[in-house]
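Here is a short report on one protein model. Keep the structure in view as you read.

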Amino acid sequence: MIATVTGTLAERDGETIVVQTDGGVGYAVTVPAGVAERLPPRGGRVSLHTELVVKEDGWALFGFDRAAERQVFQRLLGASGFGPKLALALLSALGPERTVRSILARDLTALSSVGGIGKKKAERLVLELQDRFGGLVLEPQASKPAGTEDAVRALVGLGYGIAAADDAVRAALAEDTPMEPSQLIRRALQQLAAARGGR
């Protein structure tokens with residue numbers, strides 16, 4: 001099993017990257033969107049925790065910059081009818097912390113908001129995996145000010161992805177200025193517009 005890959009980021013094409021090791025081997029690794037965003041520019045050094053998935057039609061290597069995120073991916077693969085493509089889509093859309101919180105809290109709305117996961121699949125995911133995520137230790141989440149989740153839900157209602165909405169609300173809160181919920185939503189929208197304009 002290939003447990004880790006360390007080397008130079010040689011190529012990147014969306015969520016698929018090539019890590020060139022010091023030994024001269026280039027590994028094609030698929031990563032969740034959040035990991036892709038945190039990667040250094042091409043030519044930078046990377047070290048990833050990896051999971052090799054072997055299927056009849058080929059082998060695929062998936063990479064994560066935190067061991068805990070790889071654990072979430074591994075446990076998602078334990079659900080029936082839940083392959084690496086859906087597991088990756090879930091982690092890309094929600095991130096590992098929100099994925100685990102959604103499963104433990106039976107938040108079917110958040111889970112079924114991910115492409116390819118309808119309400120029935122979300123229910124099956126919760127039913128099969130709720131017990132398996134109980135002992136998983138992720139980085140502690142800082143307590144969120146009142147209105148944070150409402151702001152995220154409002155942004156999702158406007159068509160933004162959950163992960164993007166969550167990041168925008170966190171960025172707005174980082175300004176450390178007391179805000180009413182409506183102000184928080186406006187600031188988060190400004191963050192989203194700025195992020196989109198910077199692309």
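The model is predicted.

Start with α3 and helix α5, which covers residues 119-129. Their axes come within 14 Å and cross at roughly 55°. Therefore α3 and α5 are oblique to each other. The crossing of α3 past α5 is right-handed. On the α3 side, the contact is made by Leu86, Leu90 and Ile103. On the α5 side, Lys121, Leu125, Val126 and Leu129 take part. Sorted by class, this contact of α3 with α5 has six nonpolar residues, no polar ones and one charged one.

Now turn to α2 and α3. Which angle do α2 and α3 pack at? The angle is about 115°, and the axes are 9 Å apart. That makes α2 roughly perpendicular to α3. Here too the crossing has a hand: α2 passes α3 in a right-handed crossing.

Helix α2 brings Glu69, Val72, Phe73 and Leu76 to the contact. Helix α3 brings Pro84, Ala87, Leu88, Leu90, Leu91, Pro96, Thr99, Val100 and Ile103. By class, the contact of α2 with α3 has eleven nonpolar residues, one polar and one charged. Look back at Leu90 and Ile103 of α3: they also belong to the contact with α5.

How many aromatic pairs does a search of the whole structure find? It finds two. In one of them, Phe62 and Phe73 form a tilted pair, 5.1 Å centre to centre, with 40° between the planes. This pair links distant parts of the chain. Phe62 sits in strand β5 (residues 58-64), while Phe73 sits in helix α2 (residues 67-76), eleven residues apart. Both Phe62 and Phe73 are buried.

Phe64 and Phe73 also form a tilted pair. Their centres are 5.0 Å apart, and their planes are 45° apart. Both Phe64 and Phe73 are buried.

## A buried valine

Next, find Val46 in strand β4, which spans residues 45-55. Is Val46 buried or exposed? Its relative accessibility is 5%, so Val46 counts as buried. The cut-off for buried is under 20%.

Leave aside residues up to four places away in sequence. Val46 then touches Val5, Thr6, Gly7, Leu9, Val19, Leu39 and Pro40. For a sense of scale, take Val46 and Glu128. These two are 82 residues apart in sequence. In space they are 34 Å apart, C-alpha to C-alpha.

## An arginine in a loop

Last comes a backbone angle. Most residues other than glycine have a negative phi. Arg106 has a positive one, near 55°, and Arg106 is not glycine.

Where does Arg106 lie? Arg106 is in the loop between α3 (84-104) and α4 (108-112). The relative accessible area of Arg106 is 46%, so Arg106 is partly exposed. Partly exposed lies between buried, under 20%, and exposed, over 50%.

Terms used. Residues numbered from 1 in each chain as written. Predicted model: local features only at pLDDT ≥ 70, side-chain atom pairs only at ≥ 80, totals over all residues. Heavy atoms only, no water. Phe/Tyr/Trp six-rings, centres within 6.5 Å; stacked < 30°, edge-to-face > 60°. Helix = DSSP H or I, 4+ residues; strand = E, 2+ residues; numbered from the N terminus. Buried < 20%, exposed > 50% of the residue type's maximum accessible area, 1.4 Å probe, protein only. Axes fitted to C-alpha atoms, helices over the stretch in contact; angles between N-to-C directions. Parallel < 35°, antiparallel > 145°, perpendicular 65-115°, else oblique. Left-handed = near helix turned anticlockwise from the far one by under 90°. Contact = heavy atoms within 4.5 Å. Nonpolar A, V, L, I, M, F, W, Y, C, P; charged D, E, K, R; others polar.
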